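Here's a quick tour of some side chains worth a look. Have the viewer open and follow along.

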Amino acid sequence: MAQKMEVNAPKWWRLLGTLLDDKGMADLTGRKDGGGDESVDDAQEIEGDDDEYWDEVDEIDLEGIINGLTGELGMRPAMTDKRAKRRAAIKLMRKTIITSILMNGWNQKSNALQSLLGLFLQSAHTPYKVIDTLAHLGISVSADTINMAVQSLSKESQNSLQRLRWSLLASYAYDNFDVDLKTHTPTVEKSNDSLKHLTSGLLFPLVHGVTLNDLKSRVVGLHPEWMDPNSKLSRHDQFNAWAFLVDLCTNGLEYFHQFKSMIQDLHPIEQIPTVKTPIYAAHAMDINNSTVSGNIQAVTELLAQGGLADPTAVLEENMDFNSPNISEYVILVHGDLGTGERLQAAQLRRSIECTSWNRLQHVIFIPGLFHLKMACADAIWRCFISPMAAREDEMSLMHDVAQLRPKETGIYTTKPGFRRIHELVGHAGACRHLDCWRVHAAKNGRFSSLEDFALSKLTLDDLRAMANEICRTYIANHQLDRMCRKHESERDLQFENALLLNKYFLLGDIGHIETCIAIGKHKYASHMTNFLFNVHFVYPPGLRRAVRYHILINPTGRPMKWRAVDWCVELNNLFTKVKNGGKNSNRSVERIILESPLVQVYRNLQGLVQQSFGHTHLTTNHAAPNMRKTFAKLQE
């Protein structure tokens, strides 16, 4: 925007530069434009930068800020240059705003900046009084114009979904979310109608070379067990040994930290290519999918938003809606366990129907790994924390909770939630792995402690060899059954429970994921078994590849930034029902549905304004806390 203004009105641009007194800024900032500002190419680059899908924040130079506040080492040249560039960017922004206000005053249709700021204010839930005030100042468009823009963008979002129609190369995901629309004065007809059950949906293009022939609805072994010729370890044992080694070099004594960067990644079984997966949000649906009929309705409406409908009905009614014929192809649908159960029930109920569309034959269900992980965490809680007998042992997991979270023991015994259990598994698992290193190092009187173990100056190859021994000794395997068959007087129950706990903590490693899936809940175990059986023994090779390569997606396109599909749906639900959808009297089901496809538009818009206008009070990603002293206390 600033570049076009400078090109079309160079004299005016130089006049503004003179009035704003930006002479001499070029000496501090490097390149300059005709008005003495920093080159507008940088501003243009910022304006078009929306590649970082999830990133909304800037990095903060904490070291420079602290030195500036304390006066240490004076003002660094880099800090001075950074501040000079910031001042130049602010003056460039002011010149753009002044020019935009004058252009809008001359022609109201020249409102690019005003429209941008208006939508930003809408996404930030700015009161209408503030929006109207800024509109009268010429900085923003009016609240009515913003509402019309939101409606236009919501309709335009359908075009993105319709582009996927003819390719049929898209997967669908949906989930329910509840919104409580409380009223200050309930009436008789609406006294029990405040809780609304809605359904959200997302569409993901199929990538990784998946073609239309791969989705042909034809119905026709698991990975061959790869053995390391040097260590003779199974795939599970290789992962376990790698996890023990990583924990020692990350959370162990200082000597072992030098090996952390030297540890190689695991041998990939079948690696998913790192490709950014576009995500398209569909309109939320006023459907309660807690029933079988609700799921059928949700799938039908979601497919309709993607441009797919019953081809027989389209031909009979001579509708203008032009839908491709999907009778020979399948559609991938992601969801949680409840979704999978109801879709399976719907397919059984409709198996006698005449057409493939009515039989829901085109639906291939893929379970969400995020809900699967939550089920695993809940299974650990039910086995090792919830029973009273499981808390009495001094080696129990509850004893670890008392050391790691002493003020939250009551919460852990009732309803801790997924996040607490997830963190407990990571921290307690690392401590138990370090304790396994200590016990194994003390075998045969070699080392009395980890400190003596570190003083021995072992090499990385020595540590790898010990990790291979540890994974076969301190993790439950086929030998546990022999231990359990011994007489009670000969059994070591604490050791047996520790072996089981180590095994369950390490079950969470696309080939590694499939081979390490294990759940302590019967429903999930049954459904995951059926899913894996269908993938590897029923589906043809093309469909098998399409399913396995899209069980995880990469919203950013960066290595090791994979996300489960249902995690993305839950994040979309959070923004739809909490941050967007209007507020106060404007918060209604209709408004939530209207703004539901604009979740990512609002996120990109906020990131664009924050960067373009130089917002400084932004958060940053924090480093992981230093848990070494806590782990040392837990190992006492």
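## A histidine in helix 23

Let's start with His527, which is found in helix 23; helices (H or I, at least four residues) and strands (E, at least two) are DSSP runs, numbered from the N terminus. The model is predicted, so local features need pLDDT of at least 70 and side-chain atom pairs count only at pLDDT 80 or more, while totals for chains, interfaces and linings use all residues. Residues are numbered from 1 along each chain as its sequence is written, and side-chain values use heavy atoms, with hydrogens and water left out.

His527 is partly exposed, with a relative accessible area of 22%. For reference, buried means under 20% relative accessible area, exposed over 50%, and partly exposed in between (1.4 Å probe, protein chains only). Not counting residues up to four places away in sequence, His527 touches Leu337, Glu341 and Gln344, where contact means heavy atoms within 4.5 Å.

## Two nonpolar cores

A nonpolar core here is a set of buried Ala, Val, Leu, Ile, Met, Phe, Trp, Tyr and Cys residues joined through side-chain atoms within 4.5 Å. The largest one has 52 residues, and Tyr172, Leu215, Phe531 and Val547 touch the most other members. Elements that each supply at least two residues of this core include strand 1 (170-180), strand 4 (331-335), helix 13 (337-349) and helix 23 (522-537). Helix 11 gives this core its largest share, 6 residues.

Take a closer look at Phe531: leaving aside its neighbours within four places in sequence, Phe531 is in contact with Phe365, Ile366, Pro367, Val547 and Ile551. Apart from this core lies another, of 33 residues, with Leu434, Trp437, Leu463 and Met466 among them.

## Rings and charges

The structure holds 9 aromatic pairs. Rings of Phe, Tyr and Trp (its six-membered ring) pair if their centres lie within 6.5 Å; planes under 30 degrees apart count as stacked, over 60 as edge-to-face and the rest as tilted. Ring pairs join Tyr255, Phe256, Phe259, Trp437, Phe447 and Phe453 into a cluster.

Two arginines sit over rings as well. Arg545 has its charged end over the ring of Tyr549, 4.5 Å from the centre, and Arg563 lies over the face of Trp567, at 5.0 Å from the ring centre. The rule is that NZ of Lys or CZ of Arg is within 6 Å of the ring centre and within 35 degrees of the ring normal.

## A buried arginine

Where does Arg432 sit? Its place is in helix 17 (residues 417-441), and at 11% relative accessibility Arg432 counts as buried. The side chain of Arg432 reaches the backbone oxygen of Met395 at 2.9 Å. That is a polar contact: a pair of N or O atoms within 3.5 Å where, within protein, one must be able to donate a hydrogen and the other to accept it, and residues adjacent in sequence count only if both atoms are side-chain atoms.

Leaving out residues up to four places away in sequence, Arg432 also touches Ser396, Leu397, Asp400, Leu501, Asn502 and Phe505, along with Met395.

The disulfide count comes to 0, taking a disulfide as a pair of cysteine sulfur atoms within 2.5 Å. Cys354 is exposed at 73% relative accessible area, and Cys431 is buried at 3%.

Finally, Lys457 has a positive phi of about 55 degrees although it is not a glycine. Lys457 is found in the loop between helix 18 (450-455) and helix 19 (460-473), and is exposed, with a relative accessible area of 55%.
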